[in-house]
Amino acid sequence: MTGLYFVGQKYAAVPASDWVAQTRAAPFAQARTELSEYFAGKRKRFDVPLAPSGTAFQTRVWQALGAIPCGTTRTYAELAQCLGAPRSVRAVAAAVGRNPIALVVPCHRVIGSDGSLTGYAGGLTRKHALLELEGGFWEARVATWKTGGSQRSRALCRAPAGKPCGTD
């Protein structure tokens, strides 16, 4: 699998004119089965073979995303630390945002350092729903504050302290 995108997702691949639809090919059948199992709450890891295309740094970030266990979250800063690049939080965030295999490579499990649901190419509503699907332990609340006379809200989350990256 080289790509899996939500409808309307940022940075989604645009099909080229020479692409051929082969919905019955084995990798597609396996992906459909695994996605159905995931949404039914019966699968926490995907086994479909992956072949994302990106820079060496992006590939490292995407591999680290794959190591975040289902039902847990990591911050962008924790991810950068895991990669041995603690000063590269913005670069890590950019690579997370360019993940070409949404859901299977779980970029939705990455949150802001303050616990906020930040940036998700598939949309924050989807990110929230996926995190709820994955554990139920994930507690969402809305913080409201005033800024310059206007009122703003942001969804925040709290989760138990996770294990270091790459551990289950």
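Helix packing, burial and cysteines in a predicted model

Helices α2 and α4 are roughly perpendicular to each other. This is a predicted model, in which local features need pLDDT of at least 70, side-chain atom pairs count only at pLDDT 80 or more, and totals for chains, interfaces and linings use all residues. Residues are numbered from 1 along each chain as its sequence is written, and side-chain values use heavy atoms, without hydrogens and water.

Q: Why are α2 and α4 called roughly perpendicular?
A: The axes of α2 (residues 56-66) and α4 (residues 89-97) cross at roughly 75 degrees and come within 9 Å. Angles of 65 to 115 degrees count as roughly perpendicular, and therefore α2 and α4 are described that way.

Q: Which residues of α2 and α4 meet?
A: In α2 they are F57, Q58, V61, W62 and L65, and in α4 they are A91, V92, A95 and V96; contact means heavy atoms within 4.5 Å. These residues divide into 8 nonpolar, 1 polar and no charged.

Q: Why is C107 called buried?
A: Buried means under 20% relative accessible area, exposed over 50%, and partly exposed in between (1.4 Å probe, protein chains only). C107 has 7% relative accessibility, so C107 counts as buried. C70, at 18%, is buried too.

Q: What makes F39 partly exposed?
A: The relative accessible area of F39 is 45%, so F39 is partly exposed. F39 lies in helix α1 (residues 26-39) and touches L103, L130 and L133, leaving aside residues up to four places away in sequence.

Q: How many disulfides are counted?
A: The count is 0 disulfides, a disulfide being a pair of cysteine sulfur atoms within 2.5 Å.

Definitions and conventions
Helix = DSSP H or I, 4+ residues; strand = E, 2+ residues; numbered from the N terminus. Axes fitted to C-alpha atoms, helices over the stretch in contact; angles between N-to-C directions. Parallel < 35°, antiparallel > 145°, perpendicular 65-115°, else oblique. Nonpolar A, V, L, I, M, F, W, Y, C, P; charged D, E, K, R; others polar.
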